[in-house]
Protein chains: 2
Amino acid sequence: MSRLSLNQATIKYADLATALTVTREAGIASIGLWREPVAEVGLRQAVALVADSGLRVSSLCRGGFFTASDPTLRARALDENRRAIEETAALAEAGAPGSSPVLVLVAGGLPEGDRDLAGARARAADAVGELAADAAGAGVVLAVEPMNPIYAADRGVISTLGQALDVVEELPAAVAGVAVDTFHVWWDPALQQQIARAAGRIATYQVCDWITPFPGDALLSRGMMGEGHIDFAGITAMVEKTGYTGDIEVEIFNQEIWNSDPAAVAERTAKAFAATVGL
Amino acid sequence: MSRLSLNQATIKYADLATALTVTREAGIASIGLWREPVAEVGLRQAVALVADSGLRVSSLCRGGFFTASDPTLRARALDENRRAIEETAALAEAGAPGSSPVLVLVAGGLPEGDRDLAGARARAADAVGELAADAAGAGVVLAVEPMNPIYAADRGVISTLGQALDVVEELPAAVAGVAVDTFHVWWDPALQQQIARAAGRIATYQVCDWITPFPGDALLSRGMMGEGHIDFAGITAMVEKTGYTGDIEVEIFNQEIWNSDPAAVAERTAKAFAATVGL
């Protein structure tokens, strides 16, 4: 059985029931869930749908966005993350054996008009620490996701895998790991060393391609594996060498893919995964 | 007298004579030149225009693009860089006292269909080494420019200041330095350490802003200082602390700015520079 997991973001317009169905029908055994389609049906119904599907749950996207300097906004963000932690535990529990109670965390960007990147980074690190007890209580792993520097201003101030590891190494491996996404890290000259350093801390491994020319919308600029410039065999070998044996998620934000039939996308994903990652 | 230099790319549609005139008339004492507008009038005429202008020349953009794996293409790229080195020497010689014989080098991207980023990086480093003797003979400093990771696939495989320093530290400081451009490096968690490490190696310091939402064309995504998210005071202080006393270039690729009257852009640049960098 392949380690491929279809991240729901790849078929963004499918509701949860449809996403589970097309994933299973494409012969994919695992799915990465998102909070919004789960909230659409409610957590209780989502848990039932996941349990019925027979699929593994590889992660829940996403928490984070905790760089606000305003104390009220910050407290609200942490509360939202606590809810996300509970959802992660419930959904992973409902998934087939081999499911992972992993909550992917995107740090968030600079507050409006704020140019203190170091300050925002420190607040993000502190927030992960503040959530550690909640994660431990729920048996959930917080997966800090370094984001491509193109998002440093407005989405994710944690820009490299090394930086994400600096944050999570302050906490036990049982509650804090990293999300390694090829789109975000492929360019890093220190990638090989940092992936090696991440041994035992990789909570999820995600793949999609870097395509050129860079599409107009920076948020929708990801490509299907094989259509761009990333060496999936090389990066996957680095990840495997750490002993990572978990699911490998395909997470693609791309308008053309979103506009396609989700069943066709699931099949296309399985083929591209076999041809590039091959696990 | 301000250390501001107007890089010609900011007023891309102005010919060389116009660029020199609007720069001087905006009270800016230095200009960063580009090879294409120089070639338009020919090097001899360009040298005469620069000498007549009374302006300093802060750098020539640009050489590089030497990541080809094909030996013929590689030899051609190196020859082109040797011509650029000669042009740099002639134009800096023609400029007012304080001019800098600095050739900015952009590594180039991955060859078509090639996913071996480490290989392309090694070829770029080798090429800088191969050009060192030519640079020394002409009294020119090669300025290796790390480029924002957004360009790693198709334009510049040297992605961080640390990586650029790894390349140039193999060579004497008299022939090899780095170009520090805020747009390319602002996001780097290691920025403070790497700028400190670059002491004595900063061949040119360039400023422009990172704006959001990210514009449609990745190559035209730079903003005027103050319109985006970069902390110019903070980064400039790091650069000053290294002992860098050279010109500070404003280099902005932005369609709206290109479409504006170049004289107005020069004045707007001088004001934005005073308000943000203030040197």
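1. For the packing of two helices described here, an axis is a line fitted to C-alpha atoms over the stretch in contact, and the angle between two axes runs from 0 to 180 degrees between N-to-C directions. With that in mind, please read every value that follows as coming from a predicted model.

2. In chain A, helix 3 (residues 43–53) and helix 4 (residues 71–94) pack with their axes 8 Å apart and at an angle of about 25°. Because angles under 35 degrees count as roughly parallel, helix 3 of chain A is described as roughly parallel to helix 4 of chain A. The crossing of helix 3 and helix 4 of chain A is right-handed.

3. Which residues make the contact of helix 3 and helix 4 of chain A? Helix 3 of chain A contributes Leu43(A), Ala46(A), Val47(A), Val50(A) and Ala51(A), while helix 4 of chain A contributes Glu87(A), Ala90(A), Leu91(A) and Ala94(A). Sorted by class, this contact of helix 3 with helix 4 in chain A holds eight nonpolar residues, no polar residues and one charged residue.

4. The crossing of helix 4 and helix 5 of chain B is right-handed. On the side of helix 4 of chain B the contact residues are Arg74(B), Leu78(B), Asn81(B), Arg82(B), Ile85(B), Glu86(B) and Ala89(B), and they meet Arg123(B), Asp126(B), Ala127(B), Glu130(B), Leu131(B), Asp134(B), Ala135(B) and Ala138(B) of helix 5 of chain B. By class, the contact of helix 4 with helix 5 in chain B divides into seven nonpolar, one polar and seven charged residues.

5. Turning to the sheet of chain A, eight strands form a closed barrel in the order 1-2-3-4-5-6-7-10, and their pairing is parallel. On average, and with direction ignored, neighbouring strands of this sheet are turned by 30° against each other.

6. One pairing in chain A can be traced in detail: strand 4 (residues 102–106) and strand 5 (residues 141–144) are joined in the parallel sense over four bridges. Within this part of chain A, Val102(A) has Val141(A) of strand 5 as its bridge partner. Helix 6 (residues 161–168) of chain A packs on the sheet, where it touches strand 5 and strand 6 (176–181), and the direction of helix 6 makes about 165° with that of strand 6 of chain A.

7. How are the two chains related? Chain B is superposed on chain A by a rotation of 180° with 0.0 Å of shift along its axis, at an RMSD of 0.0 Å, which means that the relation is that of a two-fold axis. In chain B, the C-alpha nearest this axis belongs to Gly216(B) and lies 1.9 Å from the axis. Since 96% of the interface residues of chain B are also interface residues in chain A, the copies meet through the same surface.

8. Some backbone details deserve a careful look, because most peptide bonds are trans and most residues other than glycine have a negative phi. The peptide bond from Thr212(A) to Pro213(A) is cis, with omega near -5°, and Pro213(A) sits in the loop between strand 8 (209–210) and strand 9 (222–223) of chain A. In chain B, Thr212(B) and Pro213(B) are joined by a cis peptide bond with omega about -5°.

9. Phe65(A) is not a glycine, yet its phi is positive, at about 50°. Phe65(A) is found in the loop between strand 3 (56–64) and helix 4 of chain A.

Technical notes
Residues numbered from 1 in each chain as written. Chains lettered and ligands numbered in written order. Predicted model: local features only at pLDDT ≥ 70, side-chain atom pairs only at ≥ 80, totals over all residues. Heavy atoms only, no water. Pairing = 2+ DSSP bridges. Helix = DSSP H or I, 4+ residues; strand = E, 2+ residues; numbered from the N terminus. Contact = heavy atoms within 4.5 Å. Parallel < 35°, antiparallel > 145°, perpendicular 65-115°, else oblique. Left-handed = near helix turned anticlockwise from the far one by under 90°. Nonpolar A, V, L, I, M, F, W, Y, C, P; charged D, E, K, R; others polar. Least-squares fit on C-alpha atoms with pLDDT ≥ 70 in both.
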